[in-house]
Amino acid sequence: MLITGAELFVKALKEEKVDTMFAYPGGQAIDLFDALYKQKEINVILPRHEQALVHAADGYARSTGKVGVCLVTSGPGATNLTTGVATANYDSVPLVCFTGQVPTYLIGNDAFQEVDTIGIMRSICKYAVTVRKREDLARIIHNAFYIAKSGKPGVVVVDIPKDVQIALGSDEYPKDIHIRGYNPNTSVHMGQVNKAMEVLGKAKKPIFLIGGGVNIAHANQEMTKLAEITGVPVVTTIMGKGAIPTNHELYVGNLGIHGSYASNTAISNCDVLFSIGTRFNDRITGKIEEFAKNATIIHVDVDPAAISKNISVSIPIVADAKIAIEAIIKKAKKLDIDEWREEIKSWKKDYKIRMSDDNNILTPEYIIDNINKIYKNAVITTDVGQNQLWTTQFLEIDNNKRLLTSGGLGTMGYGLPAAIGAKIGCPNKDVINVSGDGGIQMNIQELATAVCQELPITVCILNNGYLGNVRQWQEMFYDKRYSSTCLKYRKSCDENCDKCNKNCPVYTPDFVKLAESYGAKGMRVTKREEVEKAFKEAKKNNTTPTVIEFIIDDTLNVMPMVPPGNTLKDMIMQKEEN
Amino acid sequence: MEKRWIGLFVENEIGVLARISGLFSSKSYNIETLTVGTTEDPTISRMTISIISDDKTFEQIKKQLNRSVEVIKVIDYTDIPIHKKELVYFKINSCNDKDKVEIFRLEEIYKYKVIDYSKNAIIIEWTETESKIDDLIKLFKTLFPNRVEIARGGSVAMEAISVANK
């Protein structure tokens, strides 16, 4: 039977078992939307901006483990996708993004809403392709889903010109996959595993360093088992947080620029560093020459290009985290390292990350502690900046909780739309977004999406009136020159002002009123006593989103911190008092 | 840092050259030369690329290329016997009779081919190794300063037939 490209597109989505799609229409995608009209199998979500659209698909994919699917029009639709594509790809999130395109006979003519989508996307995604012929459409879509979710997952962009959408062609959809240039590793080299286990077996001070790869592979239970069998303590990157439950006695904490003292010290002193699913990004290593200087490094990663890219590795194992961990478990034995474990435990106890014990100060730690207590089965998303760093420091995660955060690209505006995607993917979980007052405004229009989709998510805005993370750097390393970071600033402000004071103008917008104008519930919290009550009220509201604005002190910093260019050992533990 | 060569088999599709060159530029690797042409299978193109890099960067380049969906195969030419030649054209302008005699005398030594000729200009075609071409360019520049125009093609390479098969 002959069907149009658009009809085949819908058929392909069903064959790929897509149940949800995030889509924004436009002139060059209108035929695809027409084919989606009034069908029941695919839930088409209309956000309010294409950047938020792709973050929502990203949140959906990270929280469910399925491939996130986006559909936008050509030109500005496609260019608005770019930030979200880079965000997802950087954190290895499987997405397939469809972009409409001007008809093939107009490509290159500078037609209305024409951009070279593939040219723009090429360097920020895993694979990008234009469908030039109707007969290629089915194969390309089938390959796109396979490429997105296999190997190191990532984003695939499929650009479909309008004439291909309209053209009639076969209704067949391929079953098999054969891509001659793409054969991801699906096994593990046992010789390398044996070598690694031999080294681990002799270690006196071993550490597991776990990155996002374990969460992406959904290998959390296997990882916990491996830690328990060997008794080796576990340090995570922020993307790896939750690889084993954070209240597990073998869990040490996050490492890196804002990592815990115990984690950074353990990494600096270990003799065997067994890392799984991390690329040794500069945020975790500090000064690279000094990183885990005395350790033999074992590195498991699904991406061969991640191995020995930033740090030279003694024993590489190229494999998916889950497959590798399962193989490693078979060879794992209990290690006799009680002394080392006790040493780490004492660091953990003596240098606990604490913000303030002063009951008069509303701290992010206190707010996040309440999230820990009140929400048991939840997805927590963060934005980027201090809100993200505090959340990753204080949030407790177990197998019933998941943390979604933009770790690689560090994209402000990620948190709210990601929470929307997560709630759509996990309707039975509580979904909480922790954002700052800066980042929330980068995609605040998505409150409309959350209201329209009747999503009872909880949006926590930690409002300190500043772009706080940059403000913190300016305070610590730029001589308190707060250049363009005050969000209360008005043109009429005193130009010498360098500090919040009683003359400061009121904050704009009023987040509570703004939430209410969208049809959401809005609350403002300024004291510790109000926190629990606010969360409980938010939890009761199961028809609309709830926005809780927490007014926090503008001078709170994320501590401890490794200053840029320093080694992990050189941490600043506490903020200097003025 | 040294010069290295790789052979690449890639999908013969629109945008693949941009993808490969983009990969080099996005990682700040500098391509020395790059040639591309189709193979016996019209859906596959073959590239010969040279890069000046250290060992670590070269390893990264190979891995990055290997993981590109469009790249079918990467061959590292560093330690294998290969045949590798480059095509070059020289145009020597404002030749007098003495110059012409010199050019024909050198033809016997260098075995290049004079393929075009006019009253005061000569075009030479030559297929040789990159380093021999470098030498001849130097010589011509000394003999005919500011009168030499050069078009180089970049090297193409193929693995040698292994001794066992000979």
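The sulfur of Cys452(A) lies 19 Å from the closest cysteine sulfur, that of Cys70(A), which is too far for a bond, given that a disulfide is defined as a pair of cysteine sulfur atoms within 2.5 Å. Cys452(A) counts as partly exposed because its relative accessibility is 48%; on this scale, buried means under 20% relative accessible area, exposed means over 50%, and partly exposed lies in between (1.4 Å probe, protein chains only). For Cys486(A), the closest cysteine sulfur is in Cys500(A), at 5.6 Å, again too far for a bond. Cys486(A) is likewise partly exposed, with a relative accessibility of 29%. Over all chains, a search of the whole structure finds 0 disulfides.

The structure is a predicted model, in which local features need pLDDT of at least 70 and side-chain atom pairs count only at pLDDT 80 or more, while totals for chains, interfaces and linings use all residues; side-chain values use heavy atoms, with hydrogens and water left out. Residues are numbered from 1 along each chain as its sequence is written, and chains are lettered from A and ligands numbered from 1 in the order in which they are written.

In chain A, Leu137(A) is found in helix H6 (residues 137–149). Helices (H or I, at least four residues) and strands (E, at least two) are DSSP runs, numbered from the N terminus. Leu137(A) counts as buried because its relative accessibility is 0%. Beyond its neighbours within four places in sequence, Leu137(A) is in contact with Gly5(A), Leu8(A), Val131(A) and Ile160(A), contact being defined as heavy atoms within 4.5 Å. Val193(A) is 56 residues from Leu137(A) in sequence, and their C-alpha atoms are 41 Å apart in space.

In chain B, 4 strands form an open sheet with antiparallel pairing, in the order E6-E7-E5-E8; two strands pair if DSSP finds at least two bridges between them. Strand E6 (113–117) and strand E8 (148–159) of chain B are the edge strands, each pairing on one side only. On average, neighbouring strands of this sheet are turned by 15° against each other, direction ignored. Axes are lines fitted to C-alpha atoms, for helices over the stretch in contact, and angles run from 0 to 180 degrees between N-to-C directions. Helix H3 (residues 97–110) of chain B packs on the sheet, where it touches strand E5 (82–92), E6 and E7 of chain B, and its direction makes about 150° with that of E6(B). Helix H4 (residues 130–143) of chain B lies across E5, E7 and E8 of chain B, at about 170° to E8(B).
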